[in-house]
Amino acid sequence: MKKIACILLMVAMSLSIIGCSGNNVKETGIVENNSSETGTSMQETGKRMIEVEVGEPFLVNAKYGQYIVTINGMEKTDWWQRKHNNDVKHVLLIHYEVENVSFSSLLSSGVQLNPDSFKITGSNNYAMSAFTTYYDDVEPVGNVEPGEKKSGSMAYEIDKEADAYTVIFKNSTGDLAKTYIDLQ
């Protein structure tokens, strides 16, 4: 009974936070409690990948709480040239924001996105991989504690430039949201 009350309270608090933010937030999936009296496992059901626009926030329902992600855009940099002194590859920055509604686990006190959180492909179907060097005081967001909201950028390298890119946000359960970014 306490578990049900806690879940209902968490849902009510999450809805009130989302309702007060004034933003229309798309939801990526629904967390459903499948625990018995002795078990505590939860799984995500009704999961579907949604399409979002640049700047449109989406809610991620995870096993240990909820957080909101917004993909704010992408820009080309000269970072590959700076590091390798050639133009063999290119580096793009994806700009994003994370708002931790209620996510916390035993392993982490907050949301931590990493380069694997985004799967990026160009319109020419070339996939991007993480670029590990950062310049100009641009860094990934890092840990976002419950109740916090942080913005940052992540760098990716690609062999061939494209005019448009598909950015897929994913977590351990799979692909959750897709954004198309046109760099023309």
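How many aromatic pairs does the structure hold? The count comes to eight aromatic pairs, where rings of Phe, Tyr and Trp (its six-membered ring) pair if their centres lie within 6.5 Å, and planes under 30 degrees apart count as stacked, over 60 as edge-to-face and the rest as tilted. The model is predicted: local features need pLDDT of at least 70, side-chain atom pairs count only at pLDDT 80 or more, and totals for chains, interfaces and linings use all residues. Residues are numbered from 1 along each chain as its sequence is written, and side-chain values use heavy atoms, with hydrogens and water left out.

A pair of aromatic rings is described by the distance of the centres and the angle of the planes. Trp80 and Phe131 form a tilted pair, at 5.9 Å centre to centre and with 50 degrees between the planes. This pair links distant parts of the chain, 51 residues apart: Trp80 lies in helix H2 (residues 79-84), and Phe131 lies in the loop between strand E10 (129-130) and strand E11 (143-144). Helices (H or I, at least four residues) and strands (E, at least two) are DSSP runs, numbered from the N terminus. Both Trp80 and Phe131 are buried, a term that means under 20% relative accessible area, with exposed over 50% and partly exposed in between (1.4 Å probe, protein chains only).

The rings of Tyr96 and Phe118 are also a tilted pair, because their centres are 5.3 Å apart and their planes stand at 55 degrees. Here too distant parts of the chain are linked, with Tyr96 in strand E7 (residues 90-100) and Phe118 in strand E9 (residues 118-122), 22 residues apart. Tyr96 has 1% relative accessibility and so counts as buried; Phe118, with a relative accessible area of 4%, is buried. Ring pairs join Tyr96 and Phe118 with Phe58, Tyr67, Phe103 and Phe169 into a cluster.

Charged groups also meet aromatic rings. A charge sits over a ring if NZ of Lys or CZ of Arg is within 6 Å of the ring centre and within 35 degrees of the ring normal. The charged end of Lys83 is placed over the ring of Phe131, 5.6 Å from its centre, and that of Arg82 over the ring of Tyr135, 4.8 Å from its centre.

Two strands pair if DSSP finds at least two bridges between them. Strand E1 (residues 26-27) and E5 pair in the parallel sense over two bridges, and Leu59 in E5 is the bridge partner of Glu27. With strand E6 (residues 65-77), E5 pairs in the antiparallel sense over five bridges, and a hairpin joins E5 to E6 through two residues.

Asn61, in strand E5, stands opposite Gln66 in E6. Their side chains make a polar contact (2.4 Å), defined as a pair of N or O atoms within 3.5 Å; within protein, one must be able to donate a hydrogen and the other to accept it, and residues adjacent in sequence count only if both atoms are side-chain atoms. Asn61 counts as buried because its relative accessibility is 2%.

Strand E9, which holds Phe118, belongs to an open sheet of four strands with the order E4-E14-E13-E9 and mixed pairing. Strand E4 (50-51) and E9 are the edge strands, each pairing on one side only. Strand E13 (residues 164-171) and strand E14 (residues 174-182) pair in the antiparallel sense over eight bridges, with Lys170 opposite Asp175 in E14.
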